[in-house]
Number of protein chains: 2
Amino acid sequence: MDNPVLVEVTRGPLVESRHRGAFAVVDPEGNIVASIGDIARPVYPRSAIKALQALPLVESGAAEALGLEAPELALACSSHNGEERHVNAARVMLLKAGLEEDSLECGPQWPARMEDVAVLHRADEMPCPIHNNCSGKHAGFLGLAKVMGVPTKGYVLPDHPVQLEIKAAVESMTGAVLGQDVCGTDGCSIPTYAVPLRNLAHAFARFGTGEGLEPGRAAAVEALYDANVDNPYMVAGTERFCTNIMTVFGDRVYAKTGAEGVFCASIPELGLGIALKCDDGATRASEVMMAAIVDALVEQDEDEAKGLQRLLRPEISDRRGAHVGDILPVEEFSGFLGRM
Amino acid sequence: MDNPVLVEVTRGPLVESRHRGAFAVVDPEGNIVASIGDIARPVYPRSAIKALQALPLVESGAAEALGLEAPELALACSSHNGEERHVNAARVMLLKAGLEEDSLECGPQWPARMEDVAVLHRADEMPCPIHNNCSGKHAGFLGLAKVMGVPTKGYVLPDHPVQLEIKAAVESMTGAVLGQDVCGTDGCSIPTYAVPLRNLAHAFARFGTGEGLEPGRAAAVEALYDANVDNPYMVAGTERFCTNIMTVFGDRVYAKTGAEGVFCASIPELGLGIALKCDDGATRASEVMMAAIVDALVEQDEDEAKGLQRLLRPEISDRRGAHVGDILPVEEFSGFLGRM
């Protein structure tokens with residue numbers, strides 16, 4: 001099935017590039033409220049489900065046992081920029097688990113912003129696993145392993161007790177079966193299991209509302225939802241879409257990006273979950289798709305509308321800063337969303 | 001018209017992302033030898049036609065008057081990494097024109113490689129227009145303006161004599177009419193005129209062979225072709241596709257990338273020009289498309305085949321360096337190419 005073009009990139013008078021995609025909006029019972037494209041094909045959710053992967057950390061009582069604070073829980077669900085506050089918080093999480101940085105098995109990554117790269121260069125240092133955008137998630141995994149009393153070494157492997165706990169939580173939240181036939185390896189070396197968009201949206205409808213969940217799980221999703229929307233900077237960082245959209249909407253919207261053009265979101269006041277993927281894997285397009293869907297679903301006051309507008313139609317500039325093009329939803333997509 | 005999926009990105013057992021595109025292979029008379037997708041829709045060629053944009057510099061005698069050497073001509077056609085040799089060569093080009101770096105109107109850009117970024121950070125410097133991947137092209141434009149005796153200021157504007165010369169050369173090489181209705185602004189602030197892939201491929205069939213060109217133009221394309229294939233490092237840089245494919249094939253293949261997934265190439269021994277665009281603008285996919293087309297067209301000895309293989313199916317690694325996926329041509333595309 002061919003997914004339609006949802007987002008276009010203009011330059012001067014013409015459309016320069018086109019991005020296709022699919023999305024699902026689902027309620028807590030699993031009913032599809034709206035969708036475009038193929039929402040039954042399994043897609044790797046990558047980092048878009050870090051909040052689900054953090055459930056065992058909270059549900060098991062490990063987060064409480066370790067004394068993790070809300071900003072650290074948000075970091076456990078983050079794809080952060082590797083800014084100073086992110087890196088420091090990841091270090092504190094490891095400290096609380098009594099572990100050293102060399103326990104991290106996520107591999108090294110340069111910070112996202114040149115300002116933070118410069119700090120390393122001036123100190124003549126190379127990036128470390130602690131700078132990896134996934135270091136908070138991994139620090140959470142390590143904390144869980146410690147509290148579970150299992151070896152921390154190899155915690156990224158599919159058959160490690162930590163990954164089995166995570167798989168069970170994601171299976172139960174999404175209702176999808178996660179077998180080897182849909183198992184790839186994520187950029188940070190943990191397994192990523194492909195799940196249909198329909199199921200991902202269903203999971204995030206439950207994540208935002210707690211509906212249909214056992215009391216322990218419901219308390220865990222509430223704690224994680226609140227930790228994320230209350231600490232949007234910890235979830236991504238300076239000038240990042242996830243941070244910006246959660247800052248615009250306060251606690252009304254939760255949204256999380258994943259590599260290769262995936263995005264998940266929860267809108268508790270509407271009882272809805274959203275999942276989307278840009279076919280070609282482009283983050284620039286998945287962000288505009290998510291902004292357009294949120295724009296269509298969520299009532300906005302003046303400030304919220306203004307804040308969202310910038311995310312809905314990001315400008316393309318030349319290297320002197322002149323406005324030379326735009327990224328925006330195509331008319332058919334906007335029209336469809338307007339009729340939702 | 002829907003262009004087909006040509007390249008897929010795998011992870012573990014599944015395809016994670018898909019890239020669509022169109023391409024044309026054309027001979028010097030303008031006959032279409034092979035094509036897939038819409039090759040009549042104008043696409044912005046961006047940096048893929050820098051070699052055509054350098055024609056007035058050579059044809060006018062300006063390059064000779066300035067004493068530009070072959071590596072500098074290659075830099076005038078380059079999208080370079082901002083490595084030390086690139087930046088130094090751009091400085092020499094400006095020096096030969098009697099101009100300072102502040103004449104450059106391309107805007108600043110960080111070098112592509114962390115090693116080169118580190119040099120700036122350690123010196124507490126910000127990037128300058130000389131580090132911009134287009135600085136060689138702009139140094140060529142400035143040299144042409146000097147020899148033409150026109151003001152250098154504003155040389156990036158569509159109605160400046162330098163840009164009018166370039167537009168005329170590109171119109172005559174492509175056979176396309178370049179009006180305001182197809183004119184956007186490139187990342188380096190010069191005009192970029194959209195041209196159908198069919199016409200771009202035709203231009204590069206002529207560029208590689210000189211066929212059908214007046215003697216002065218034929219001498220200019222020969223000088224530029226040779227300068228590029230003899231100095232592949234100056235055209236892009238360390239670990240870059242353009243540099244790698246020209247290094248693999250010596251003087252047998254010329255190839256040049258442009259932003260938003262455009263690629264042009266010449267294969268003189270076959271009398272063919274190639275132009276392609278990945279619909280969504282992804283460079284990773286346009287590179288594999290170009291490698292696949294060259295693989296299908298060009299006879300290879302063992303070393304060439306081995307060198308090309310790495311470009312045909314680049315590996316995706318996690319941050320610890322483990323192989324977790326691949327970028328490769330889809331079966332239908334490979335099958336089509338096999339029947340060419």
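A pocket here is an open set of grid points with protein on both sides within 12 Å along at least five of seven lines, and its lining residues have an atom within 4 Å of a point. Keep in mind that the model is predicted.

**Stop 1: the largest pocket.** Select Arg240(B), Thr257(B), Ala259(B), Glu260(B) and Thr283(B). Of the 45 lining residues, these lie nearest the centre of the largest pocket. The space there comes to about 1,300 Å³.

Helix 13 of chain B supplies the largest share, four residues. By class, the lining holds 16 nonpolar, 16 polar and 13 charged residues.

**Stop 2: the second largest pocket.** Its space is about 810 Å³. Select Ser79(A), Arg240(A), Thr257(A), Ala259(A) and Thr283(A), the closest to the centre among 39 lining residues. Elements giving two or more residues here are helix 12 (241–249), strand 8 (254–258), helix 13 (283–297) and helix 14 (302–312) of chain A, with strand 11 (315–317) of chain B. The classes run to 13 nonpolar, 15 polar and 11 charged residues.

**Stop 3: the axis.** Superpose chain A on chain B. A turn of 180° with a shift of 0.0 Å along the axis gives an RMSD of 0.0 Å. That is a two-fold relation. Select Arg122(A) next: its C-alpha lies 2.6 Å from the rotation axis, the closest approach of any residue of chain A. Finish on the interface. Both copies use the same surface, with 100% of chain A's contact residues recurring in chain B.

Key
Residues numbered from 1 in each chain as written. Chains lettered and ligands numbered in written order. Predicted model: local features only at pLDDT ≥ 70, side-chain atom pairs only at ≥ 80, totals over all residues. Heavy atoms only, no water. 1 Å grid on protein atoms, 1.4 Å probe; cavity = no way out; pocket = protein on both sides within 12 Å on 5 of 7 lines; lining within 4 Å. Points joined across faces, edges and corners; volume = space filled by probe spheres on them. Nonpolar A, V, L, I, M, F, W, Y, C, P; charged D, E, K, R; others polar. Least-squares fit on C-alpha atoms with pLDDT ≥ 70 in both. Contact = heavy atoms within 4.5 Å.
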